[in-house]
Amino acid sequence: MFENVDWAEIGRATIDTMLMLGGSLVLTVILGVPLGVLLYLSGKGRLAANPVLNAVLSLIVNILRSVPFIILLIVMLPVTVLLVGTSLGVAGAIPPLVVGAAPFYARLVETALREVDKGVVEATQAMGGSTLQIVTRALLPEAMPGIIAGATVTAIALVSYTAMAGVVGAGGLGDLAIRFGYQRFQTDVMAVTVVLLLILVQILQMIGDRLVAKVSHR
Amino acid sequence: MIRLEGVTRRYRSAAGERTALDAVDLTIGRGEVFGVVGRSGAGKSTLIRAINRLETPDAGRIFVDDQEITALKPAELRAARRRIGMIFQHFNLLNAKTIEDNVAFPLRLEGRPEAEVKARTAELLAQLGLAEHAKKHPAQLSGGQKQRVGIARALACGPSVLLCDEATSALDPETTEDILTLLDGLNRDLGLTIVLITHQMEVVRRVCDRVAVLKDGRIVEQGATADVFLHPQHAVTRAMLAEGEEAFDASVVPAGARLAKLTFRGSSTYEPELSRVARSVGVDYSILSGRISRIRGEPYGQLVVAFTGGDAEAAMSQLTARGVTVEAA
């Protein structure tokens, strides 16, 4: 059993996957939250309703979300080289991962914001809150459980994206599974990587659920 | 204190245009408790939201404390809103914040120094009997307690006006009474001007000095609460007041009887005027319906009686002479 498994290689691949995941998740949140806020605010009947901006943002988000990730990986190659100087390794994987995940996460943020009772927005306005204060002091804190739950879902989606990114030379556990497990029929390598990915997903879900419970006061 | 001049608000939708407020003129005096009643869709909500410009009118002008709210720039409007407290039917507290932080919220939005925020918040929590709940979240409180938090929050910046948007409509009768007593006290002790909209006539009867009745975006009747409630002129007012009251059964009216609606007000409510008059004129009466209660603390009695077997006309003129209002019923 496990005669094909090079544990050092597995270790390196695990670290690569974690780096890709961590880096892309942080950037996805940094881009996705403001984008989600803009989608929400520019929506019909909202604080900064702007049909044109909303339509444009919505179109961009929908286009990016409708492109299969495997295609996005290839299309993004020149942009990635421009941004980080390489399309290989962890650094090369992060731009396509972020471009694939941020629009998805932005929609989840928008949904979480929509679920905030509009009475809370109205009350904050009535207290003399500015639009910026309403967003940062009322909307985002109130939507925090949904925003964190959305980040959890996105993180788990990113785990499977990192596996696909392996195909274009990103490294990581997915790459190992494909090169050794699939192409060389080394079932034991495949099994080990899948189990590790499963553990990773479980841990992410657990952390996400704990954080949601911590910020949820309904 | 608060003045509305020709305030009009229209809503446009695919279904067409609807006028929520139709050239409304209204003046509310300093220190008054003013009620606005009407059926749902009459425009009450739009009216109260226009006062702090949560709804911007399409036409007309609104003044609060001699400041023209409708002419303010965004930053000025935000400053003006801090002087106008507002409470809501569903409280609209921030679920993610503790009670303490909810009350401190408007002070922090205004950017007051943290020491002042802490002191003022503690004072408000104590004043409203919420001190023991300071560290809890809104979900852990009852409806009445949540509305108390809403009131504490609305008072935080020291407003001169409190707007109450159906503030007791989601509460049970006992809690409603509790909140009304509180509002009444704030009006008396702080001289706070209170504008409340409601569909509950009991709320108006209990706390309002004056009342306006709204129908299809127009004020159809207004005046001192006792005058409007005891002698309603408009059909909508009559209908709203009649709800929940038992109308008398016409078949019980004795043959040849003369019906009259008698209204006693003030201390005469408790005097045996009807009995005295009946004895002196030699007329009999039966009481078909009636209510003895108070409007904003002033006692009143209103009875529908049927006079029989004597000179009803003489009885009615004697009652009028004794300060009882006599109307045909």
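Domain bounds come from an automatic or database domain assignment. In this predicted model, that assignment divides chain B into domain 1 (2-241) and domain 2 (250-328).

**Domains of chain B**

- Taken over C-alpha atoms, the centres of domain 1 and domain 2 of chain B are 38 Å apart.
- Eight residues of domain 1 of chain B and seven residues of domain 2 of chain B make up the contact.
- On the side of domain 1 of chain B that touches domain 2 of chain B, the elements giving two or more residues are α7 and α8 (225-230) of chain B.
- The most is given by α8(B), which supplies four residues to that side of domain 1 of chain B.
- By class, that side of domain 1 of chain B holds five nonpolar, one polar and two charged residues.

**Sheet of chain B**

- Four strands of chain B form an open sheet in the order β2-β1-β4-β5, with antiparallel pairing.
- Because β2 (16-28) and β5 (67-68) of chain B each have a single partner strand, they stand at the edges, and one side of each is left without a neighbour in the sheet.
- Strand β1 (residues 2-13) of chain B runs antiparallel to strand β4 (residues 59-64) of chain B, and five bridges join the two.
- Within this pair, B:T8 stands opposite B:A59 in β4(B).
- Helix α1 (residues 44-51) of chain B packs on the sheet and touches β1, β2 and β4 of chain B. The direction of this helix makes about 60° with that of β2(B).

**Residue B:Q200**

- B:Q200 lies in the loop between β8 (193-198) and α7 (201-207) of chain B.
- B:Q200 has 19 other C-beta atoms within 10 Å and is therefore partly exposed, since a buried residue needs 20 or more.
- Leaving aside residues up to four places away in sequence, B:Q200 touches B:T168 and B:S169.
- From C-alpha to C-alpha, B:Q200 and B:L4 are 23 Å apart in space, with a separation of 196 residues in sequence.

**Interface of chain A with chain B**

- The interface brings 20 residues of chain A into contact with 19 residues of chain B.
- The elements that contribute two or more residues to the side of chain A that touches chain B are α6 (118-126) and α7 (131-165) of chain A.
- The residues on that side of chain A comprise eight nonpolar, seven polar and five charged.

Conventions: Residues numbered from 1 in each chain as written. Chains lettered and ligands numbered in written order. Predicted model: local features only at pLDDT ≥ 70, side-chain atom pairs only at ≥ 80, totals over all residues. Contact = placed C-beta atoms within 7 Å. Nonpolar A, V, L, I, M, F, W, Y, C, P; charged D, E, K, R; others polar. Pairing = 2+ DSSP bridges. Axes fitted to C-alpha atoms, helices over the stretch in contact; angles between N-to-C directions. Buried ≥ 20, exposed ≤ 12 C-beta atoms within 10 Å, placed from the backbone.
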